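Please keep the sequence and the model in view while reading.

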Amino acid sequence: QKALLGLGLALGAAGCSNYLSAPDVTNDPTKVTVLTKPGPLYIGVQEAGPPEREGQLARFAAEYTQQVAGFSRQQIGYDTYNAKPSDTDPYFTAIYGVNNTLNGGGGLLDIHKMQQLGHKVNDSLYIGIGKVYEALYMGLAADMFGDIPYREAADSTILAPHFDPQLQIYADLQTQLDSAITIFLAATGPTNAGGSADGSELIYGGRSAAQLRTVYTEVAHSLKARLYMHTAETDPTAYAKALAEVPLGISSPADDFLWFHDGTPQGQNIWWQFGAARGDVAPAAALVEILKRRIAAGVEDSLRLKFYFTPATGGGYFGYRPGATTNVPVTGAIDPGNGNATGQYSGVGTFIDGLTPPGDFRQPEITYAETQLIGAEAALQTGNAAAAQTFLNAARTNRFYGSTGGAAVGFGSAPGVLPATLQNIIEEKYVTLFLNPEVWNDYKRTCFPSLAPAPSTTAPGTAPRNTPIPGRVPYGLSEINANPNTPATSSTGVAISTTSQNPNDPTACPVLNYTSSVPLAN
(Lines give C-alpha, C1' and ligand atoms only; values in the text may rest on other atoms or scores of the structure.)
Protein backbone atom coordinates (compact mmCIF):
# COMPACT_ATOMS: atom_id res chain seq x y z
CA GLN A 1 0.00 0.00 0.00
CA LYS A 2 2.86 2.39 -0.37
CA ALA A 3 4.69 4.08 -3.20
CA LEU A 4 8.35 4.68 -2.56
CA LEU A 5 9.23 8.22 -3.51
CA GLY A 6 12.59 8.98 -5.05
CA LEU A 7 14.32 12.25 -5.71
CA GLY A 8 17.09 11.59 -8.19
CA LEU A 9 20.39 12.96 -6.97
CA ALA A 10 21.45 13.18 -10.60
CA LEU A 11 19.03 16.08 -10.83
CA GLY A 12 21.17 17.89 -8.29
CA ALA A 13 18.01 19.45 -6.95
CA ALA A 14 16.68 17.46 -4.07
CA GLY A 15 19.07 15.15 -2.30
CA CYS A 16 16.56 12.53 -1.33
CA SER A 17 16.12 8.87 -2.10
CA ASN A 18 13.20 6.62 -1.21
CA TYR A 19 10.88 8.70 0.92
CA LEU A 20 8.62 7.44 3.70
CA SER A 21 8.11 4.30 5.66
CA ALA A 22 5.08 3.35 7.69
CA PRO A 23 3.06 0.26 8.65
CA ASP A 24 1.07 -1.40 5.89
CA VAL A 25 2.60 0.79 3.20
CA THR A 26 5.05 -1.49 1.44
CA ASN A 27 3.56 -1.89 -2.04
CA ASP A 28 3.56 0.51 -4.94
CA PRO A 29 -0.02 1.58 -5.84
CA THR A 30 1.13 2.68 -9.28
CA LYS A 31 1.84 -0.98 -10.11
CA VAL A 32 -1.47 -2.37 -8.88
CA THR A 33 -3.58 -3.43 -11.83
CA VAL A 34 -6.90 -3.52 -9.99
CA LEU A 35 -7.41 -1.17 -7.07
CA THR A 36 -10.70 -1.26 -5.22
CA LYS A 37 -9.98 0.88 -2.14
CA PRO A 38 -8.72 4.46 -1.86
CA GLY A 39 -6.27 3.82 0.98
CA PRO A 40 -3.19 2.89 -1.09
CA LEU A 41 -3.64 5.91 -3.32
CA TYR A 42 -4.14 8.12 -0.28
CA ILE A 43 -0.76 7.07 1.07
CA GLY A 44 0.81 8.06 -2.24
CA VAL A 45 -1.00 11.39 -2.13
CA GLN A 46 0.42 12.12 1.33
CA GLU A 47 3.86 11.02 0.16
CA ALA A 48 3.79 13.49 -2.70
CA GLY A 49 3.67 16.51 -0.43
CA PRO A 50 7.14 16.65 1.16
CA PRO A 51 9.25 16.33 -2.02
CA GLU A 52 7.31 19.21 -3.56
CA ARG A 53 7.04 21.40 -0.46
CA GLU A 54 10.40 20.60 1.14
CA GLY A 55 12.38 20.12 -2.07
CA GLN A 56 13.71 22.58 -4.62
CA LEU A 57 10.46 24.55 -4.90
CA ALA A 58 10.72 25.26 -1.18
CA ARG A 59 14.40 26.09 -1.58
CA PHE A 60 13.56 28.62 -4.31
CA ALA A 61 11.03 30.27 -1.99
CA ALA A 62 13.37 30.26 1.02
CA GLU A 63 16.30 31.59 -1.03
CA TYR A 64 14.29 34.30 -2.79
CA THR A 65 12.99 35.53 0.58
CA GLN A 66 16.46 35.18 2.11
CA GLN A 67 15.61 32.76 4.89
CA VAL A 68 18.46 30.59 3.61
CA ALA A 69 21.23 31.30 1.13
CA GLY A 70 22.73 29.14 -1.57
CA PHE A 71 26.47 29.17 -0.94
CA SER A 72 27.77 26.29 -3.06
CA ARG A 73 27.36 24.67 -6.49
CA GLN A 74 23.91 24.89 -8.10
CA GLN A 75 22.29 26.67 -5.19
CA ILE A 76 24.47 29.74 -5.77
CA GLY A 77 22.91 30.02 -9.22
CA TYR A 78 19.41 29.45 -7.91
CA ASP A 79 19.99 32.02 -5.16
CA THR A 80 20.86 34.60 -7.81
CA TYR A 81 17.75 33.84 -9.89
CA ASN A 82 19.24 31.58 -12.54
CA ALA A 83 16.65 28.81 -12.44
CA LYS A 84 15.99 27.10 -15.78
CA PRO A 85 13.12 24.93 -17.09
CA SER A 86 15.28 21.83 -16.60
CA ASP A 87 15.63 22.71 -12.91
CA THR A 88 11.89 22.74 -12.30
CA ASP A 89 11.02 19.89 -14.66
CA PRO A 90 10.55 17.07 -12.14
CA TYR A 91 8.55 19.34 -9.86
CA PHE A 92 6.20 20.53 -12.59
CA THR A 93 5.59 16.95 -13.73
CA ALA A 94 5.01 15.79 -10.16
CA ILE A 95 2.04 18.16 -9.88
CA TYR A 96 0.14 15.67 -11.99
CA GLY A 97 1.94 12.52 -10.82
CA VAL A 98 2.52 10.80 -14.15
CA ASN A 99 5.84 9.71 -15.66
CA ASN A 100 7.84 11.87 -13.31
CA THR A 101 11.23 11.27 -11.71
CA LEU A 102 10.33 12.98 -8.46
CA ASN A 103 7.97 10.40 -7.01
CA GLY A 104 5.87 7.39 -7.84
CA GLY A 105 2.55 9.18 -8.06
CA GLY A 106 0.31 11.02 -5.67
CA GLY A 107 -0.37 13.99 -7.95
CA LEU A 108 -3.62 15.28 -9.37
CA LEU A 109 -4.47 12.08 -11.27
CA ASP A 110 -4.11 9.92 -8.17
CA ILE A 111 -6.09 12.43 -6.09
CA HIS A 112 -8.97 12.12 -8.56
CA LYS A 113 -8.69 8.33 -8.62
CA MET A 114 -8.77 8.32 -4.83
CA GLN A 115 -11.97 10.36 -4.87
CA GLN A 116 -13.50 8.06 -7.48
CA LEU A 117 -12.76 5.01 -5.34
CA GLY A 118 -14.19 6.87 -2.36
CA HIS A 119 -17.45 7.19 -4.28
CA LYS A 120 -17.40 3.48 -5.14
CA VAL A 121 -17.05 2.41 -1.52
CA ASN A 122 -19.38 5.15 -0.22
CA ASP A 123 -16.64 6.78 1.85
CA SER A 124 -17.27 10.51 1.79
CA LEU A 125 -14.41 11.18 4.21
CA TYR A 126 -11.88 10.01 1.64
CA ILE A 127 -13.50 12.24 -0.97
CA GLY A 128 -13.49 15.29 1.28
CA ILE A 129 -9.88 14.78 2.31
CA GLY A 130 -8.94 14.27 -1.34
CA LYS A 131 -10.42 17.65 -2.20
CA VAL A 132 -8.37 19.29 0.55
CA TYR A 133 -5.19 17.78 -0.88
CA GLU A 134 -6.22 18.81 -4.37
CA ALA A 135 -6.54 22.43 -3.24
CA LEU A 136 -3.26 22.24 -1.32
CA TYR A 137 -1.22 20.79 -4.18
CA MET A 138 -2.75 22.71 -7.06
CA GLY A 139 -2.61 25.88 -4.99
CA LEU A 140 1.15 25.54 -4.62
CA ALA A 141 1.47 24.89 -8.35
CA ALA A 142 -0.49 28.05 -9.18
CA ASP A 143 1.55 30.03 -6.64
CA MET A 144 4.84 28.94 -8.18
CA PHE A 145 4.08 28.78 -11.90
CA GLY A 146 1.01 30.99 -12.41
CA ASP A 147 -1.22 29.75 -15.25
CA ILE A 148 -1.10 25.94 -15.37
CA PRO A 149 -3.20 23.07 -16.75
CA TYR A 150 -5.96 22.17 -14.30
CA ARG A 151 -9.46 21.64 -15.70
CA GLU A 152 -8.21 19.34 -18.47
CA ALA A 153 -5.14 18.04 -16.65
CA ALA A 154 -6.91 15.28 -14.72
CA ASP A 155 -7.91 13.59 -17.97
CA SER A 156 -4.97 11.37 -18.89
CA THR A 157 -6.32 11.05 -22.46
CA ILE A 158 -5.71 14.77 -23.10
CA LEU A 159 -2.05 14.89 -23.99
CA ALA A 160 -1.85 18.66 -24.43
CA PRO A 161 -4.14 20.24 -21.83
CA HIS A 162 -4.83 23.94 -21.98
CA PHE A 163 -3.35 26.25 -19.37
CA ASP A 164 -6.00 27.78 -17.12
CA PRO A 165 -5.68 31.35 -15.77
CA GLN A 166 -4.12 31.41 -12.31
CA LEU A 167 -6.97 33.42 -10.78
CA GLN A 168 -9.51 30.99 -12.23
CA ILE A 169 -7.61 28.12 -10.63
CA TYR A 170 -7.77 29.79 -7.23
CA ALA A 171 -11.54 30.23 -7.66
CA ASP A 172 -11.92 26.59 -8.70
CA LEU A 173 -9.99 25.47 -5.63
CA GLN A 174 -12.25 27.52 -3.38
CA THR A 175 -15.18 25.65 -4.92
CA GLN A 176 -13.46 22.33 -4.25
CA LEU A 177 -12.93 23.28 -0.61
CA ASP A 178 -16.53 24.44 -0.23
CA SER A 179 -17.67 21.08 -1.54
CA ALA A 180 -15.33 19.27 0.83
CA ILE A 181 -16.57 21.23 3.85
CA THR A 182 -20.30 21.35 3.24
CA ILE A 183 -20.87 17.94 1.66
CA PHE A 184 -18.20 15.31 2.04
CA LEU A 185 -16.48 16.11 5.34
CA ALA A 186 -19.88 16.82 6.86
CA ALA A 187 -21.22 13.36 6.00
CA THR A 188 -21.34 10.76 8.75
CA GLY A 189 -22.20 7.07 8.69
CA PRO A 190 -20.48 3.72 9.13
CA THR A 191 -18.78 3.70 5.71
CA ASN A 192 -17.26 7.18 6.07
CA ALA A 193 -14.11 6.05 7.85
CA GLY A 194 -11.37 7.48 5.66
CA GLY A 195 -7.84 6.49 6.60
CA SER A 196 -8.77 5.81 10.22
CA ALA A 197 -9.96 2.29 9.39
CA ASP A 198 -7.15 1.05 7.14
CA GLY A 199 -4.15 2.86 8.68
CA SER A 200 -3.53 5.00 5.62
CA GLU A 201 -3.83 8.30 7.51
CA LEU A 202 -0.29 9.55 8.16
CA ILE A 203 -0.67 13.25 8.94
CA TYR A 204 -3.21 12.75 11.70
CA GLY A 205 -2.54 9.08 12.32
CA GLY A 206 -4.40 7.45 15.19
CA ARG A 207 -7.43 9.74 15.06
CA SER A 208 -10.94 8.39 14.65
CA ALA A 209 -13.11 9.08 11.65
CA ALA A 210 -15.04 11.73 13.59
CA GLN A 211 -11.80 13.39 14.66
CA LEU A 212 -10.52 13.35 11.07
CA ARG A 213 -13.71 14.98 9.84
CA THR A 214 -13.27 17.75 12.40
CA VAL A 215 -9.60 18.42 11.84
CA TYR A 216 -9.72 18.30 8.03
CA THR A 217 -12.68 20.68 8.08
CA GLU A 218 -10.52 23.10 10.05
CA VAL A 219 -7.59 22.55 7.67
CA ALA A 220 -9.90 23.27 4.74
CA HIS A 221 -11.00 26.59 6.26
CA SER A 222 -7.39 27.60 6.97
CA LEU A 223 -6.49 26.68 3.39
CA LYS A 224 -9.40 28.76 2.09
CA ALA A 225 -8.09 31.71 4.10
CA ARG A 226 -4.58 31.21 2.68
CA LEU A 227 -5.83 31.05 -0.91
CA TYR A 228 -8.00 34.13 -0.48
CA MET A 229 -4.92 36.05 0.64
CA HIS A 230 -3.22 35.04 -2.60
CA THR A 231 -5.83 36.98 -4.58
CA ALA A 232 -6.03 40.09 -2.39
CA GLU A 233 -3.90 42.24 -4.68
CA THR A 234 -6.42 41.87 -7.50
CA ASP A 235 -9.55 41.50 -5.34
CA PRO A 236 -9.57 43.65 -2.18
CA THR A 237 -12.70 41.84 -0.95
CA ALA A 238 -10.50 38.79 -0.45
CA TYR A 239 -9.31 40.16 2.90
CA ALA A 240 -12.82 40.02 4.33
CA LYS A 241 -13.35 36.57 2.86
CA ALA A 242 -10.13 35.31 4.42
CA LEU A 243 -11.04 36.87 7.76
CA ALA A 244 -14.36 35.01 7.79
CA GLU A 245 -12.52 31.69 7.43
CA VAL A 246 -10.05 32.24 10.27
CA PRO A 247 -12.38 31.44 13.23
CA LEU A 248 -13.31 28.20 11.46
CA GLY A 249 -9.73 27.22 10.74
CA ILE A 250 -7.14 25.30 12.75
CA SER A 251 -8.06 26.09 16.34
CA SER A 252 -5.09 24.69 18.25
CA PRO A 253 -1.40 24.00 17.65
CA ALA A 254 -2.23 20.40 18.53
CA ASP A 255 -4.07 20.23 15.21
CA ASP A 256 -1.28 21.68 13.06
CA PHE A 257 -0.87 19.92 9.72
CA LEU A 258 2.67 18.47 9.83
CA TRP A 259 4.19 16.41 7.04
CA PHE A 260 4.86 12.83 8.10
CA HIS A 261 8.50 11.88 8.69
CA ASP A 262 9.69 8.98 10.82
CA GLY A 263 13.49 9.11 10.78
CA THR A 264 13.96 5.91 8.80
CA PRO A 265 16.24 6.10 5.74
CA GLN A 266 13.09 6.16 3.62
CA GLY A 267 11.19 8.64 5.75
CA GLN A 268 13.60 11.39 6.71
CA ASN A 269 12.72 15.02 6.26
CA ILE A 270 13.54 16.21 2.71
CA TRP A 271 15.48 19.26 3.90
CA TRP A 272 17.48 16.89 6.13
CA GLN A 273 18.12 14.52 3.24
CA PHE A 274 19.29 17.43 1.11
CA GLY A 275 21.67 18.45 3.87
CA ALA A 276 23.04 14.92 4.06
CA ALA A 277 23.57 14.65 0.31
CA ARG A 278 24.51 18.20 -0.68
CA GLY A 279 24.46 20.78 2.12
CA ASP A 280 24.51 23.68 -0.33
CA VAL A 281 22.35 26.03 1.73
CA ALA A 282 23.11 27.95 4.89
CA PRO A 283 21.46 30.60 7.05
CA ALA A 284 20.69 33.82 5.20
CA ALA A 285 21.71 37.14 6.66
CA ALA A 286 18.22 38.63 6.31
CA LEU A 287 16.47 36.15 8.61
CA VAL A 288 19.37 36.01 11.07
CA GLU A 289 19.53 39.78 11.36
CA ILE A 290 15.74 40.17 11.65
CA LEU A 291 15.74 37.72 14.53
CA LYS A 292 18.65 39.51 16.18
CA ARG A 293 16.92 42.89 15.71
CA ARG A 294 13.73 41.55 17.27
CA ILE A 295 15.68 40.09 20.18
CA ALA A 296 17.36 43.47 20.76
CA ALA A 297 13.94 45.15 20.67
CA GLY A 298 12.59 42.78 23.33
CA VAL A 299 9.88 41.21 21.15
CA GLU A 300 11.73 37.95 20.45
CA ASP A 301 13.87 35.63 22.55
CA SER A 302 16.74 33.49 21.30
CA LEU A 303 14.86 30.19 21.16
CA ARG A 304 13.91 30.33 17.49
CA LEU A 305 17.34 31.56 16.45
CA LYS A 306 19.02 28.72 18.33
CA PHE A 307 16.67 26.09 16.89
CA TYR A 308 16.78 27.25 13.30
CA PHE A 309 20.56 27.75 13.24
CA THR A 310 23.78 26.80 15.01
CA PRO A 311 26.32 29.41 16.10
CA ALA A 312 29.34 30.29 14.00
CA THR A 313 32.73 29.00 15.02
CA GLY A 314 33.92 31.43 17.65
CA GLY A 315 30.38 32.41 18.59
CA GLY A 316 27.52 34.50 17.32
CA TYR A 317 24.97 34.05 14.56
CA PHE A 318 25.81 35.20 11.05
CA GLY A 319 24.21 34.46 7.70
CA TYR A 320 25.17 34.73 4.06
CA ARG A 321 23.97 37.26 1.57
CA PRO A 322 22.39 35.71 -1.58
CA GLY A 323 24.78 33.56 -3.55
CA ALA A 324 27.32 33.84 -0.72
CA THR A 325 28.18 37.38 -1.81
CA THR A 326 30.42 39.19 0.69
CA ASN A 327 31.23 42.87 1.19
CA VAL A 328 27.90 44.05 -0.22
CA PRO A 329 27.68 47.87 -0.30
CA VAL A 330 26.10 48.89 3.00
CA THR A 331 25.36 51.86 5.20
CA GLY A 332 24.42 52.01 8.84
CA ALA A 333 23.75 48.75 10.64
CA ILE A 334 23.05 46.65 7.54
CA ASP A 335 25.12 43.47 7.65
CA PRO A 336 27.51 43.14 4.66
CA GLY A 337 27.44 39.34 4.70
CA ASN A 338 31.03 38.84 5.83
CA GLY A 339 30.37 36.50 8.76
CA ASN A 340 31.85 37.13 12.19
CA ALA A 341 35.18 38.76 12.92
CA THR A 342 37.02 35.69 11.64
CA GLY A 343 34.76 35.22 8.62
CA GLN A 344 32.75 32.33 10.08
CA TYR A 345 29.06 31.70 9.48
CA SER A 346 26.26 29.90 11.26
CA GLY A 347 24.95 26.52 10.15
CA VAL A 348 21.40 25.27 9.77
CA GLY A 349 19.82 23.65 12.81
CA THR A 350 20.37 20.00 13.61
CA PHE A 351 16.77 19.21 12.66
CA ILE A 352 17.68 19.67 8.96
CA ASP A 353 21.48 19.53 8.90
CA GLY A 354 21.69 16.04 7.38
CA LEU A 355 24.29 15.16 10.00
CA THR A 356 22.39 14.73 13.25
CA PRO A 357 20.09 11.68 13.35
CA PRO A 358 17.32 10.83 13.08
CA GLY A 359 16.12 13.46 10.60
CA ASP A 360 12.50 12.90 11.60
CA PHE A 361 11.47 16.56 11.83
CA ARG A 362 7.84 16.93 10.82
CA GLN A 363 7.66 20.12 8.79
CA PRO A 364 4.72 22.46 9.45
CA GLU A 365 2.47 23.01 6.44
CA ILE A 366 -0.75 24.67 7.66
CA THR A 367 -0.87 25.73 11.27
CA TYR A 368 -2.73 27.54 13.99
CA ALA A 369 -0.07 30.26 13.95
CA GLU A 370 -0.41 30.85 10.21
CA THR A 371 -4.19 30.99 10.55
CA GLN A 372 -3.98 33.59 13.31
CA LEU A 373 -1.49 35.69 11.36
CA ILE A 374 -3.73 35.57 8.29
CA GLY A 375 -6.44 36.87 10.60
CA ALA A 376 -4.15 39.65 11.81
CA GLU A 377 -3.31 40.87 8.31
CA ALA A 378 -6.88 40.51 7.02
CA ALA A 379 -8.32 42.33 10.04
CA LEU A 380 -5.81 45.15 9.66
CA GLN A 381 -6.56 45.50 5.95
CA THR A 382 -10.31 45.66 6.65
CA GLY A 383 -9.91 48.39 9.26
CA ASN A 384 -10.13 46.42 12.50
CA ALA A 385 -6.86 47.17 14.26
CA ALA A 386 -8.06 45.77 17.59
CA ALA A 387 -8.87 42.39 16.05
CA ALA A 388 -5.54 42.42 14.23
CA GLN A 389 -3.76 42.85 17.57
CA THR A 390 -5.75 40.00 19.10
CA PHE A 391 -4.84 37.63 16.28
CA LEU A 392 -1.19 38.66 16.39
CA ASN A 393 -1.06 38.17 20.15
CA ALA A 394 -2.60 34.70 19.80
CA ALA A 395 0.14 33.63 17.40
CA ARG A 396 2.85 35.05 19.65
CA THR A 397 1.43 33.30 22.70
CA ASN A 398 1.44 29.89 21.01
CA ARG A 399 4.80 29.51 19.30
CA PHE A 400 5.19 26.01 17.93
CA TYR A 401 7.23 24.72 15.03
CA GLY A 402 6.61 21.15 13.91
CA SER A 403 7.76 18.17 15.91
CA THR A 404 10.80 15.99 16.34
CA GLY A 405 11.13 12.72 18.19
CA GLY A 406 7.34 12.64 18.35
CA ALA A 407 7.25 15.78 20.51
CA ALA A 408 6.09 19.23 19.50
CA VAL A 409 8.80 21.87 19.18
CA GLY A 410 7.59 24.78 21.28
CA PHE A 411 9.16 28.15 22.07
CA GLY A 412 6.63 29.33 24.64
CA SER A 413 5.12 32.78 24.67
CA ALA A 414 7.02 35.61 22.96
CA PRO A 415 8.28 38.42 25.18
CA GLY A 416 7.19 42.03 24.96
CA VAL A 417 4.33 43.63 23.07
CA LEU A 418 4.44 43.86 19.29
CA PRO A 419 2.05 46.41 17.75
CA ALA A 420 -0.06 45.04 14.90
CA THR A 421 1.38 46.98 11.98
CA LEU A 422 1.58 45.31 8.57
CA GLN A 423 5.36 45.09 8.78
CA ASN A 424 5.25 43.54 12.24
CA ILE A 425 2.57 41.02 11.26
CA ILE A 426 4.42 39.87 8.16
CA GLU A 427 7.78 39.73 9.92
CA GLU A 428 6.17 37.65 12.67
CA LYS A 429 4.89 35.33 9.98
CA TYR A 430 8.29 35.36 8.25
CA VAL A 431 10.09 34.10 11.35
CA THR A 432 7.28 31.68 12.22
CA LEU A 433 6.92 29.98 8.82
CA PHE A 434 10.59 29.13 8.43
CA LEU A 435 11.16 27.13 5.20
CA ASN A 436 7.47 27.22 4.25
CA PRO A 437 6.88 28.36 0.62
CA GLU A 438 4.09 30.59 1.91
CA VAL A 439 6.65 33.22 2.96
CA TRP A 440 7.26 33.97 -0.73
CA ASN A 441 3.56 34.63 -1.29
CA ASP A 442 3.52 36.96 1.71
CA TYR A 443 6.52 38.88 0.40
CA LYS A 444 5.05 39.27 -3.09
CA ARG A 445 1.79 40.55 -1.62
CA THR A 446 3.14 42.95 1.03
CA CYS A 447 6.81 43.59 0.10
CA PHE A 448 7.73 42.75 3.71
CA PRO A 449 10.23 42.10 4.98
CA SER A 450 12.14 44.74 3.04
CA LEU A 451 14.64 42.70 1.04
CA ALA A 452 17.31 43.82 -1.39
CA PRO A 453 17.48 41.56 -4.46
CA ALA A 454 20.55 39.40 -4.89
CA PRO A 455 23.52 41.32 -6.26
CA SER A 456 23.98 40.96 -9.99
CA THR A 457 27.03 38.73 -9.44
CA THR A 458 28.52 36.99 -6.44
CA ALA A 459 31.76 38.99 -6.58
CA PRO A 460 32.58 40.95 -3.39
CA GLY A 461 31.43 44.55 -3.55
CA THR A 462 29.33 43.92 -6.64
CA ALA A 463 26.83 46.50 -7.83
CA PRO A 464 23.16 46.11 -6.86
CA ARG A 465 20.80 44.31 -9.21
CA ASN A 466 18.27 46.44 -11.09
CA THR A 467 15.62 43.73 -11.39
CA PRO A 468 13.19 42.65 -8.64
CA ILE A 469 13.13 39.44 -6.66
CA PRO A 470 11.45 36.85 -8.94
CA GLY A 471 7.71 36.41 -8.84
CA ARG A 472 7.62 32.89 -10.30
CA VAL A 473 9.70 29.94 -11.44
CA PRO A 474 9.91 28.69 -15.04
CA TYR A 475 7.69 25.97 -16.45
CA GLY A 476 9.23 22.51 -16.61
CA LEU A 477 11.17 21.63 -19.73
CA SER A 478 9.11 18.52 -20.50
CA GLU A 479 5.91 20.56 -20.52
CA ILE A 480 7.47 23.19 -22.77
CA ASN A 481 8.65 20.53 -25.22
CA ALA A 482 5.54 18.32 -25.18
CA ASN A 483 2.64 20.73 -24.78
CA PRO A 484 2.18 23.29 -27.55
CA ASN A 485 -0.28 25.12 -25.29
CA THR A 486 2.49 26.20 -22.93
CA PRO A 487 2.10 29.99 -22.95
CA ALA A 488 4.70 32.61 -23.68
CA THR A 489 2.50 35.21 -22.01
CA SER A 490 0.31 34.85 -18.94
CA SER A 491 -3.48 35.09 -18.94
CA THR A 492 -3.06 38.82 -18.28
CA GLY A 493 -0.94 39.25 -21.40
CA VAL A 494 2.38 39.71 -19.59
CA ALA A 495 5.41 38.04 -21.14
CA ILE A 496 6.53 35.12 -18.99
CA SER A 497 10.10 35.05 -17.75
CA THR A 498 11.86 33.75 -14.67
CA THR A 499 11.54 37.09 -12.93
CA SER A 500 8.07 38.09 -14.18
CA GLN A 501 5.02 38.43 -11.95
CA ASN A 502 2.11 36.01 -11.91
CA PRO A 503 -1.40 37.42 -12.50
CA ASN A 504 -2.22 37.46 -8.78
CA ASP A 505 0.83 39.67 -8.09
CA PRO A 506 0.75 42.15 -10.97
CA THR A 507 3.19 44.62 -9.43
CA ALA A 508 6.68 43.65 -8.34
CA CYS A 509 8.07 44.84 -5.03
CA PRO A 510 10.42 47.85 -5.22
CA VAL A 511 14.00 47.10 -6.17
CA LEU A 512 15.87 48.03 -3.02
CA ASN A 513 19.60 47.90 -2.54
CA TYR A 514 21.88 47.62 0.44
CA THR A 515 22.56 51.36 0.65
CA SER A 516 18.89 52.34 0.35
CA SER A 517 17.32 54.71 2.86
CA VAL A 518 14.43 52.21 3.10
CA PRO A 519 14.81 50.03 6.25
CA LEU A 520 16.09 46.75 4.88
CA ALA A 521 16.16 43.32 6.45
CA ASN A 522 19.60 43.96 7.81
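## The segment around A495

A495 is found in the segment after α18 (477-482), where helices (H or I, at least four residues) and strands (E, at least two) are DSSP runs, numbered from the N terminus. Leaving aside residues up to four places away in sequence, A495 touches A488, T489 and S500, a contact being heavy atoms within 4.5 Å. A244 is 251 residues from A495 in sequence, and their C-alpha atoms are 35 Å apart in space.

The model is predicted, so that local features need pLDDT of at least 70 and side-chain atom pairs count only at pLDDT 80 or more, while totals for chains, interfaces and linings use all residues. Residues are numbered from 1 along each chain as its sequence is written, and side-chain values use heavy atoms, with hydrogens and water left out.

## Backbone exceptions

Most residues other than glycine have a negative phi, and most peptide bonds are trans. Against that background, P357 and P358 are joined by a cis peptide bond with omega of about 10 degrees, and P358 lies in the loop between β9 (347-348) and β10 (364-366). Another cis peptide bond joins F448 and P449, with omega of about -5 degrees; P449 is placed in the loop between α17 (438-446) and α18.

A positive phi, near 50 degrees, is found at R73, a residue of helix α3 (residues 73-79). R73 is exposed, with a relative accessible area of 51%, where exposed means over 50%, buried under 20% and partly exposed in between (1.4 Å probe, protein chains only). N122 has a positive phi near 55 degrees and sits in the loop between α5 (108-120) and α6 (124-145); at 52% relative accessibility, N122 also counts as exposed.

## An enclosed helix

Is helix α2 enclosed by the rest of the structure or open to the outside? Nine of the nine residues of α2 (residues 56-64) are buried, so this helix is largely enclosed by the rest of the structure. Just after α2, Q66 takes a positive phi of about 60 degrees.

Rolling a probe the size of a water molecule over the atoms shows where empty space is left. The structure holds 10 cavities of 30 Å³ or more, a cavity being a set of points, on a 1 Å grid over the protein atoms alone, where a 1.4 Å probe fits but cannot get out; lining residues have an atom within 4 Å of a point. Grid points are joined across faces, edges and corners, and a volume is the space filled by probe spheres set on the points. The largest cavity has a volume of about 110 Å³, and of its 15 lining residues P364, T367, F400, T432 and L433 are the closest to its centre. At least two lining residues each come from β10, α14 (368-381) and β11 (399-404), with α14 giving the most, three residues.

The second largest cavity has a volume of about 70 Å³. Its lining consists of 10 residues, with A48, E52, A94, I95 and Y137 nearest its centre. Two or more of these lining residues are given by each of α1 (39-53) and α6, and α1 supplies the largest share, three residues.

Technical notes. On a 1 Å grid over the protein atoms alone, a cavity is a set of points where a 1.4 Å probe fits but cannot get out, and a pocket is an open set with protein on both sides within 12 Å along at least five of seven lines; lining residues have an atom within 4 Å of a point.
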